[in-house]
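Dear colleague,

Please find below the structure that I am handing over to you. I would be grateful if you could read the notes that follow alongside it.

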Amino acid sequence: SNATQEYVDPLDQLQAAVGEAFNFTCPPGAYAMDTPFLPCRWCPTGRYSATAGAKSCDVCDVGYYATDPRKAVDGVGLTIAASTCAMCPANMYSRNGSFQCAQCSLAAGEGSEPGAGGCVCAAGFYDATPGEDAPSCKSCDVAGVRSCPMGTTIATLPLKRGWWRATPSSDDVEECDHRDDCSGGAATGDGLCRHATQGPLCRICEKGYYAGSRAMDGSKRSL
């Protein structure tokens, strides 16, 4: 007797035949689909696949952009079919899932390190309104302020020795009566005072001391 043959759906047969005819691995920059009629699809904007045969595309992180290793333009990638994420160059930045980097405004005193997710104030400037979407950069070339590294804000404004300011939100910098009493740096208020002094411009002696006495560190206080 003839053996009973297993029934095979004609549509399954057709799909199997098409799949065999198009039996290839999706290249980098693409990902595999479940249907043989459309076996591969390019990675969309801001995503990439680094290896052949990928099942999905990954998102480029903040500070990176989707591109191809052979592309020569720094900061400008591919809108589709990216096979890698490249780091944004200095003075540029990107958000999550980007195919290109945006330029910081150098004319406004902005800048960034490579791989940044946003702009900060460049060296020689400080951000007067930290926490805002974009920095408001002011020059550090004012009396009593030391050289500012990139990323300085009003809260971290570095003072020269002999200068004082009241709070981290104040850029009103004043010269102390006695240079050695004001330490300088990024501190404010009493944090700037030395030699058992305190108060505005470090003019007030701490409890237990008076003008002309020896301070805790052995230094002479004189007014």
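Residues are numbered from 1 along each chain as its sequence is written, and side-chain values use heavy atoms, with hydrogens and water left out.

Confidence

The mean pLDDT (the predictor's confidence in each residue, from 0 to 100) is 86 for the protein, and 81% of the residues reach 70 or more. Over residues 213–223 the pLDDT stays under 50. For that stretch the model has 30 contacts beyond four places in sequence, a contact being heavy atoms within 4.5 Å. Where pLDDT is low, the predicted coordinates should not be read in detail.

Overall fold

Of the 223 residues, 35% are buried. Here buried means under 20% relative accessible area, exposed means over 50%, and partly exposed lies in between (1.4 Å probe, protein chains only). The accessible surface comes to about 13100 Å², and carbon and sulfur atoms account for 51% of that surface; the areas come from the Shrake-Rupley method with a 1.4 Å probe, and for residues only the protein chains shown count as cover. Among contacts between residues at least 6 apart in sequence, 35% join residues at least 24 apart.

Nonpolar cores

A nonpolar core is a set of buried Ala, Val, Leu, Ile, Met, Phe, Trp, Tyr and Cys residues joined through side-chain atoms within 4.5 Å. The largest such core has 16 residues, and those with the most contacts inside it are Cys140, Val145, Leu157, Leu159 and Trp164. Not counting residues up to four places away in sequence, Leu159 touches Gly144, Val145, Arg146, Trp164, Arg165, Val173, Gly184, Gly185 and Leu192. A second, separate core has five residues, among them Cys60, Ala66, Ala82 and Cys85.

Disulfides

With a disulfide taken as a pair of cysteine sulfur atoms within 2.5 Å, the count comes to nine. Three of these links are described here.

In the link of Cys26 and Cys40, the sulfur atoms are 1.8 Å apart. This link is left-handed, with -95° about the S-S bond. The pair joins distant parts of the chain, 14 residues apart: Cys26 lies in the loop between helix 1 (10–21) and strand 1 (30–32), and Cys40 lies in strand 2 (residues 40–42). Both Cys26 and Cys40 are buried.

Cys104 and Cys119 form a disulfide with their sulfur atoms 2.0 Å apart, and the link is left-handed, with -100° about the S-S bond. This pair also links distant parts of the chain, 15 residues apart, with Cys104 in the loop between strand 8 (102–103) and strand 9 (110–111), and Cys119 in the loop between strand 9 and strand 10 (120–121). Cys104 counts as buried because its relative accessible area is 3%, and Cys119 is buried at 17%.

Cys121 is joined to Cys137, with an S to S distance of 2.2 Å. The link of Cys121 and Cys137 is left-handed, at -100° about the S-S bond. Cys121 is in strand 10 and Cys137 in strand 12 (residues 137–139), so that distant parts of the chain, 16 residues apart, are linked. Relative accessibility is 1% for Cys121, which is therefore buried, and 17% for Cys137, which also counts as buried.

Two serines

Ser98 is found in the loop between strand 7 (92–93) and strand 8. With a relative accessible area of 13%, Ser98 is buried. The side chain of Ser98 makes a polar contact with the backbone oxygen of Arg95 at 2.8 Å. A polar contact is a pair of N or O atoms within 3.5 Å; within protein, one must be able to donate a hydrogen and the other to accept it, and residues adjacent in sequence count only if both atoms are side-chain atoms. Leaving aside neighbours within four places in sequence, Ser98 is in contact with Gly46, Cys60, Tyr64, Tyr65 and Ala66.

Ser147 is placed in the loop between strand 12 and strand 13 (163–164). Ser147 is exposed, because its relative accessible area is 67%. Ser147 and Leu157 are ten residues apart in sequence, and their C-alpha atoms are 9.2 Å apart in space.

Yours sincerely

Terms used
Predicted model: local features only at pLDDT ≥ 70, side-chain atom pairs only at ≥ 80, totals over all residues. Helix = DSSP H or I, 4+ residues; strand = E, 2+ residues; numbered from the N terminus.
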